[in-house]
Amino acid sequence: MNPIKFDPKAAPVNFLLTGVGGQGTILASNVIAEVGIGAGLDAKQAEVHGMSQRGGSVTSQVRWAPKVFSPLIAKGDSDILIAFEKLEAVRFIDYIKPGGLALINDHCIAPITVSAGNAEYPDDQTIHATIARYTSNAYWVQGQKIALELGNPRVTNVVLLGALSAFITLPEEQWLQAIARRVPEKHLALNKKAFEMGRKEIQFSQNP
Amino acid sequence: MKRLLSGNEAVAHGAWVAGVAVASAYPGTPSTEILEHFARFPGVYAEWAPNEKVALDVAIGAAYAGRRALATMKHVGVNVAADALFYAAMSGIEAGLVLVSADDPAMHSSQNEQDNRQYAKFARIPCLEPSDSQQAKDLTIAAYDLSEQFDTPVLLRMTTRLCHTSTLVEVSETRLPPPGPKPYPRNYEKYVDIPANARKRHLVIEQRIRDLCEHAETFPFNTVEMKSNRLGIVTAGVAAQYAREVFPEASILHLGMSYPLPRKLIKEFAKKVEKLIVLEELDPFIESELRLMGIDLFEGVDSLSDTRMPNAKSIFPITGELDPGIVRFCAEKAGLLEPPTTHRPAAVDLNLPVRPPVLCPGCPHRSTFYLLNKLKVPVNGDIGCYSLGVIAPLNAIHTIGAMGSSIAVAHGAAVAGDSERHVAVIGDSTFFHTGVPALMNVAYNQSNVITIIMDNRVTGMTGHQENPGTGKTLQGKETCEVDIEALVRSIGIDLVKTVSAYDVAAIEKTLKEWMKLDKPAVLITKEECALLPSARQRYYPLEVNTEICNGCTICFRIGCPAISKSEQLHEVYKRPLAKIDPSLCTGCEICAQVCPRNAILFRQQAKEKREQAEVKK
Ligand SMILES: Cc1ncc(C[n+]2csc(CCOP(=O)(O)OP(=O)(O)O)c2C)c(N)n1
Ligand code: SF4
């Protein structure tokens, strides 16, 4: 299959990353920002951490353009949404441009409100239907599953980066270099593997 | 070379380049990383102080001694340090002194969104506002020159967005040589702030702000970019980025110094444009100054804001954080921009479960809140991870104000004659911050407050910094540590006890006994924060014995993210049994202790069970 590609040299790209504290959302957004810089663009990467570290929602935004002003993306202006958790994908789906790309890790982490029995996690049908109202260009990636198969759920974020890279017209090498700059030497081989697996997921995938 | 740096890294880098020799701070989101980064540079002294007042006094002391100095804190920290700020504003310094205030529009992790530019005006000192990381570096350097040229502390105002956004910065390899030693000043009239001297100094600092006003006219970071003359925008800080993004055609006066203002520059700019607006986050700080100067501001086609109100702000909101979407929306409403022809997304109309932050699995604070909830006493809380004891299902805190307030607020209720016994809960770092004087007051005036000092051996909430109780410095060097129990005894409280924070029975027994005694008491619940590397080594997941569990839900009441309802229902009661996620459970055994049926295996039991299973295999 041949996914629609983003050419950052032709038009600015806005990324919104969402997840749960501890999933590596921020590291992923650091890598994306580095890749943009490596491609000769300006980039800004904005994150909010603080209370979000204790299992709360975490978001991060990256913008690529020849010159970036605002570090923040307006609602409805994100070209790409990368969600590390399904509920967080729905929570922030209104940031996406109509028809924008949604890359979603097919994984559920129940918030305390749900596990304590005070709220209900939306079912898959509702999640899919809600996302479809904003974009038909949604890809579900088995990030968590792949990472577990590789023996470390912590590389889920890099699996998603691999998947993302398949949508962007930049050489794979630039992604791997940026990852190498951000992850410790001893975990590099595993991260590279995770990246490759994620990239293949999209290259050979049947969805959306 | 250009590198992506967060605003905090850029301030640290700028301070190093400027030859700052001494930096002192108390952690506080979003400011914390400034000092953590600064401490890694060669040839500098950096320390965690127990609170912001001490940090600023230390920086002032270094600046009096002729060394460039830095104090960093979150916005509410400046309230704590304000007394020091005001005398330093009066005295001036011998070498550059910069106070970084990291404000938090939108209150991402704070109790208010006060706009600390007001402190600059209040104390008669200049305020610089960067708008990205490059400016964070450049303005930090400029702040030191300004400080020395005008003999004044300088307020560098950051915000969460700037602190935690990474943008490209030209990094320098070399730094200015720190000023050499000079004799300690014996300038009685300048540095001894007694009334006779202060009366003279007040005249000096009023003149200083007038001189700074003049200087602002040519300050290189106050810049004008003329484009269309239809609309002119006066802006500062990160809002300058939104101005350029949303109004690509407008002329912009971007103020790197938002106090005091360049009056001539602004008046000339105002004359050149048909409509003038101010775009700034939070308070109408610049806007009010412009109104005082008699400048006509465009207020929008049908503005609802009454500009005579003291907090009047036209067009843009006075609360929360701006973003390009909000700026555009307000500008459309004011008639400054055409409404968009493209679609504006509808909000997600599902009632999604919220995802509040929670105490981590294995958090040593959990047991205490479970018990306080059970005891149904009024609890005066404080600020730290343990503030999360307010969240369901623990629901065990009834007031939270500012750091260190818990103990005195509880004392206030006690001396007011409240019929219930009050418990104050406070973390170790918060106790050292401002809890100690309040506890001294409880002892001195003998109220019956029960204080629980939750000693998790670290300043947790802000990302695990060392403090005077941990035995390590900012650089991780060994040092002495506060003996909390001895300290409490020394101020006159003899009912004091230290227990393991994981020992549910011991905490319960002690609290129940003390409830019967009418005197001040202090319980120290001690156990390392579960995220510390040494604690992680002890992780050992527990499990539920599904033959014994009957789905009574008591273990859910401790609010542990590792425990959830399983799919399996109890045969008779048809209630879901408890389930423990082994990837989250640390084996703290709090759940095992509260389970009335002993259905949760303790570490030792789980170990034996697993060993037996191994043998069978
Ligand atoms: C005046 C002030 N300074 C700093 C902060 C930031 N802050 C919030 S919680 C906290 C640390 C609390 O540490 P501790 O009392 O040890 O509790 P823990 O988080 O470890 O449970 C700090 C520094 C603040 N809210 N107010
Ligand atoms: S970081 Fe430590 S103190 Fe804070 S909630 Fe987690 S375990 Fe508790």
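## A hairpin and its chain

In this predicted model, strand S19 (residues 563–569) of chain B pairs with strand S20 (residues 576–580) of chain B in the antiparallel sense, over 4 bridges. Within this pairing, Ser564(B) has Lys579(B) in S20(B) as its bridge partner. The two strands S19(B) and S20(B) form a hairpin with 6 residues between them, and in the turn Lys574(B) has a positive phi of about 60°.

Along the principal axes, the C-alpha trace of chain B spans about 85 × 70 × 55 Å.

Further values for the whole chain are tabulated here.

| Property of chain B | Value |
|---|---|
| Residues that count as buried | 58% of 617 residues |
| Contacts (separation of 6 or more) between residues 24 or more positions apart | 73% of those contacts |
| Accessible surface | about 25700 Å² |
| Part of the accessible surface belonging to carbon and sulfur atoms | 54% |

How are the charged side chains of chain B placed, taking the positive and negative sets by their centres? Chain B carries 66 positive and 71 negative side chains, and the centres of these two sets lie 3 Å apart.

Technical notes: Residues are numbered from 1 along each chain as its sequence is written. Chains are lettered from A and ligands numbered from 1 in the order in which they are written. This is a predicted model: local features need pLDDT of at least 70, side-chain atom pairs count only at pLDDT 80 or more; totals for chains, interfaces and linings use all residues. Side-chain values use heavy atoms; hydrogens and water are left out. Buried means under 20% relative accessible area, exposed over 50%, partly exposed in between (1.4 Å probe, protein chains only). Contact means heavy atoms within 4.5 Å. Accessible areas come from the Shrake-Rupley method with a 1.4 Å probe; for residues, only the protein chains shown count as cover. Lys and Arg count as positive and Asp and Glu as negative; His and the chain ends are not counted. The place of a charge is taken as NZ of Lys, CZ of Arg, CG of Asp or CD of Glu. Two strands pair if DSSP finds at least two bridges between them.
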